[in-house]
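I opened a new notebook page today for some looking up.

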Amino acid sequence: MFVHNKRLQYTVRVAAPNPGLANLLLEQFGGPQGELAAACRYFTQAVGEDDPGRKDLLFDIATEELSHLEIIGSIVAMLNKGAKGQLAEAVESEAELYRSLTGGGNDSHTTALLYGGGPALTNSAGVPWTAAYIDTIGEPTADLRSNIAAEARAKIVYERLINVTDDPGIKEALGFLMTREIAHQKSFEKALHSIQPNFPQGKLPGVPEFTNVYYNMSSGNDARGPWNDGADWKFIEDPQPAVDGGDGLATVDVSADDIEVLKAMAYRTASDMRTDPTTGAELGAGQA
Ligand code: MN
Ligand code: MN
């Protein structure tokens, strides 16, 4: 059950309308790292989860992300207040209105015209939100890692948004939202490592002869570090196909009928190495 509390999770004080900044903040409203994507990601994982601890964690964070959606949407709405009234009532001259929406080189006219200055479920470039942003695969040892990465990306987008505004009230609210993503990341890390073992993901182990091997797939100065050096790793300097010891070719058994058809196609489309046909390139260059 969801019940709406009429007050926000964090107080929003916006100094003055700014439709350009509102547009940038849409990234965290309807963008891939935004709050709706986060809420839907954890909500759907919670519904499908059987572990009581993880289920509770996922529902709590999903619900908090909805509260963040409400905060960021409210900031967008406040920043668009002036533009919304001006667009609806057309009290200013056309030129004035155009200038107020596009001032400072921003592209807020797109979302302003399409959505009337209300918070739109788009990213900051006007691309509509999509469920394709959510990459849940239904295995907690994989999904928790994806959740950790999603929180890390959300943290970075908030950091960038904090860097583009000098409004102290917005900076403070964005700082809260950014900090909560750090806390969520920590909870997801703890939840991941409370499953033991959690690597590799799922049930099947890796094939032993390939699990701790590093293939050096380039020539030139090779960087060595803990990702390919040390007791854990077998470093293959110059890997040759096929690493399984086979002939490295792809084969399949097909029916006798299919072999006949494939031969006919190969004959029809065979290259003739002895010809040098005149083509459009020569015709066009006047050399025919
Ligand atoms: Mn959030
Ligand atoms: Mn979060």
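The entries below record what I looked up, site by site.

**Ground rules.** I am working with a predicted model, in which local features need pLDDT of at least 70 and side-chain atom pairs count only at pLDDT 80 or more, while totals for chains, interfaces and linings use all residues. Residues are numbered from 1 along each chain as its sequence is written, chains are lettered from A and ligands numbered from 1 in the order in which they are written, and side-chain values use heavy atoms, with hydrogens and water left out.

**Entry 1: the metal site.** A note on the labels: helices (H or I, at least four residues) and strands (E, at least two) are DSSP runs, numbered from the N terminus.

I also noted that Glu-65 bridges the manganese ion (ligand 2) and the manganese ion (ligand 1), which lie 3.7 Å apart.

Entry 2: By the rule I use, buried means under 20% relative accessible area, exposed over 50%, and partly exposed in between (1.4 Å probe, protein chains only).

Glu-65, in helix H4 (residues 52-79), counts as buried because its relative accessibility is 0%. Not counting residues up to four places away in sequence, Glu-65 touches Glu-35, Ala-38, Ala-39, Tyr-42, Glu-151, Glu-181 and His-184. Contact means heavy atoms within 4.5 Å.

His-184 belongs to helix H9 and is buried, with a relative accessible area of 2%. Setting aside neighbours within four places in sequence, I see His-184 in contact with Ile-61, Glu-64, Glu-65, His-68 and Glu-151.

**Entry 3: the record.** I checked UniProt next: in the unreviewed entry, the annotation "binding site" covers Glu-35, Glu-65, His-68, Glu-151 and His-184. These residues are spread over 150 residues of sequence, yet they cluster in space, with a largest C-alpha distance of 13.0 Å. UniProt positions are given in the numbering used here, feature names are shortened, and annotations may be inferred rather than shown by experiment.

**Entry 4: helix H7.** In helix H7 (residues 108-115), I found Ser-108, Thr-111 and Ala-112 buried. Down the axis of H7, the buried residues fall within an arc of 105°, so they line one face of the helix; the arc is that of the directions from the helix axis to the C-beta atoms. An α-helix has 3.6 residues a turn, so residues three or four places apart point the same way. The buried residues of H7 pack against helix H1 (19-25), helix H5 (81-89) and helix H6 (94-102). On the face turned away from the buried side, H7 carries the exposed residues Leu-113 and Leu-114. Just after H7, Gly-116 takes a positive phi of about 65°.

**Entry 5: salt bridges.** How many salt bridges does a search of the whole structure find? It finds six, each a side-chain nitrogen of Lys or Arg within 4 Å of a carboxyl oxygen of Asp or Glu.

- Asp-135 pairs with Arg-41, with the closest N and O atoms 3.0 Å apart. Asp-135 lies in the loop between H7 and H8 and Arg-41 in helix H3 (residues 35-48), so the pair ties together parts that are 94 residues apart in sequence. Asp-135 is partly exposed at 41%, whereas Arg-41 is buried at 4%.
- Arg-54 forms a salt bridge with Glu-49, the closest N and O atoms being 3.0 Å apart, and both residues are buried.

**Entry 6: one loop.** Last, I looked up Asn-228, in the loop between strand S1 (213-215) and strand S2 (234-236). Asn-228 counts as buried at 1% relative accessibility. Leaving aside neighbours within four places in sequence, Asn-228 is in contact with Tyr-214, Ala-223, Trp-233 and Phe-235.

Conventions:
Donors = N, O, S within 2.8 Å, 3.2 Å for Na, K, Ca; no water.
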